[in-house]
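Here are a few quick notes from my pass through this one. Have the viewer open while you read.

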Amino acid sequence: MEGPLSLLQAFNSPDPDPVKMPSARRMILGHVMSGLCSKMNRTKQLPADLMETPLNRCLNTFDITLLGIGHMVGAGIYVLTGTVAREMAGPGIVLSFILAGMVSMLAALCYAEFGTRVPKAGSAYVYTYVSIGEFWAFVIGWNIILEHMLGAASVARAWSGYVDSMLGNVVANTTMEITGEMHEKLLAKYPDFLAFGVCMSYAIALAAGVKATAMINSILTTVNVVVMSLVVVLGFWYATPANWSLPEQGFLPFGFGGVLAGAATCFYAFVGFDSIATSGEEAKNPNVSIPLATILSLCVVTIGYVLVSAALTLMIPYNEINPAAALPDAFGTRGIAWAKYAISTGAICGMTTTLLGSLFALPRCLYAMASDGLLFSCFGKVNTKTQVPLLNLAVSGLCSALLALLFDLEKLVEFMSIGTLLAYTIVSASVIVLRYRPISVEETVHLAPDTPGTDEEENASSSSQSSAVDPSSPTSEMIEIALAGRLRPQFRWLEPVLGRCEPGVACSGAVLLFCVLSVAVCFQLEVSWDEMYDGTWWALGLYGFLLFCLVACIVVISAHHQNTRGLQFKVPLVPYIPALSIFCNIELMVHLSFLTWLRFFIWLSIGMLVYFLYGIRNSKEGELGTSYSMLMSTQEAIRGWGATHSAGLSGGTRVTVTKIVKGRVSRKSVDKQAIIDDDDDDS
């Protein structure tokens, strides 16, 4: 049988046959290519002490909740509301925000569970690295970088436009007189130097430290919430119900398709809860703070968006809304001049907190990826005085400022949604995969009786001695661990189909198939809705088959035992809620434009170059070396693949290589497997 062993035997032969050398070369190449897949799929091994970090753990639940609210309530409520109501959904914007909030809540529950599993900076990137593998983790991390850069740039552009509208467009007119207009379709009408300056100014302010940032954010968010309450009270006081039933317009002037398109755009307003998960490495008690802050902030923001959009569309007809400054103009038309200035103040505060949230999360994502070796090591350094990654902050602020300088708000918002939805989809899938994955060898070692444990494990051990029937006893945990990923008794009828699969493999495959089928269903809904609505036989048959396969995937997943050991917060109704989140996210992605997808694939292509030219080689998970590198360190490999004669491996060299291999037996990836078997040491 060909393999690394036979390759070394070919090298060790005293008179190597020249014919064997090309075969050996092919074997090396085959081994390298097989190792590539294992490198892309290797998962992150978490340290024993998850709370240890060079960052400053100083944030409580209240700080993190306000950070999430501040990040979500900004340009979305003061700029996006007017645009969606005027051009996409009309009064149906209320339903758009409800749908977007529900989809976000599904993803937020998954984020909350991961926040208790992995209290580390990096958010969805770290979650994916731990559960699925390195390649998909890099894809998510690369998209999160884009998400926060575009988020900061779009809010800076909205901040500038809002201030400019209050000043009578003085900034825009002056800039175009000096620089002229940019006639390129992909760029904005004019370079926005005010937005550039705002981005750079707030990036400098964030360098003061996380506690100072949290204090500023709390003050501005409080002002913003008060202004939102004022908008809701005055809006309903001056409401005209007839504005929801205009002649020949009705409540849904753009139909339900407009509501869905509006929901896909409104989803941009809820991306801020990702910054809550990003702050996990700076939270005092992340197991409690991250889930609680995520759910509280999302509930508050969803209710606020629905009430404000309802008040706006009840005050004036949707076709009279000014997208640039919807709320101030609406109150101005009703003769409430003083409210206009109050709302403008709240808008500035709200957009400032959103900008701070994006610039807060982006450097920490860069730090997490660089710490793992997937990005350049210079991004993994933390300033010892402020405990902030200052270089990351400078680069983040500059890139966001350049985007704000050159692109307008509409292009930035649309491009931003696709990366966010993809991240939410993979996080939801990761929750299912981890729930049904058996415990790893590394975790099993920590359960050994002679291994010192944490205080919590010692307390659990002492409680088990006092009560043998305690459901939370180590015995119960060990039973749950042993059954994880295996078929439940009531689903034994699936054993002929799934019985040969390793524990957890069938569930992971079903999750992947569910995602693929969801793409097919959503795409067919987009392109052939009319045929299905008219009752065309082929459309109904195709949808019936796809839906049957989707249900079958869920049945296969739910037929297995789960592993919930050590979770402070658990997503309810797994796998149903994460599966619904996957489907809804994919449905919203399908409604994005083709140009958005094209830009996304260009950005992803750049990321693939970074990963395959740098990240895959410098990953901390593979820094101990590979079997290929050990093989090529021998004298024969150094002399070249095409050599026609070579000295055999000395006994000492073989023993050294074997010792190295023995030291790596705990590594599970294929590229770490031993090249020389122990039984062949004496041969």
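Which residues line the second largest cavity?

1. Keep in mind that this is a predicted model. The lining of the second largest cavity is made up of Leu59, Asp63, Leu67, Val210, Thr213, Ala214, Asn217, Ser218 and Phe360. Sorted by class, that lining comes to five nonpolar, three polar and one charged residues.

2. On where that lining comes from: helix H3 (61-72) and helix H10 (210-237) each put in at least two residues. H10 has the largest share, with five residues. The space inside the second largest cavity is about 50 Å³, and the model has seven cavities of 30 Å³ or more in the count.

3. While you're on H3, have a look at Thr65, which sits in that helix. Thr65 counts as buried because its relative accessibility is 11%, below the 20% cut-off. Beyond its neighbours within four places in sequence, Thr65 touches Ala293, Leu296 and Ser297.

4. Next, the pairing of helix H6 (residues 124-131) with helix H7 (residues 134-166): their axes are 8 Å apart and the packing angle is about 175°. That angle is over 145 degrees, so H6 and H7 are roughly antiparallel.

5. As for who makes that contact, H6 brings Ala124, Tyr125, Thr128 and Tyr129, while H7 brings Glu134, Trp136, Ala137, Phe138, Ile140, Gly141 and Ile144. By class, the H6 contact with H7 has eight nonpolar, two polar and one charged residues.

Definitions and conventions. Residues numbered from 1 in each chain as written. Predicted model: local features only at pLDDT ≥ 70, side-chain atom pairs only at ≥ 80, totals over all residues. Heavy atoms only, no water. 1 Å grid on protein atoms, 1.4 Å probe; cavity = no way out; pocket = protein on both sides within 12 Å on 5 of 7 lines; lining within 4 Å. Points joined across faces, edges and corners; volume = space filled by probe spheres on them. Helix = DSSP H or I, 4+ residues; strand = E, 2+ residues; numbered from the N terminus. Nonpolar A, V, L, I, M, F, W, Y, C, P; charged D, E, K, R; others polar. Buried < 20%, exposed > 50% of the residue type's maximum accessible area, 1.4 Å probe, protein only. Contact = heavy atoms within 4.5 Å. Axes fitted to C-alpha atoms, helices over the stretch in contact; angles between N-to-C directions. Parallel < 35°, antiparallel > 145°, perpendicular 65-115°, else oblique.
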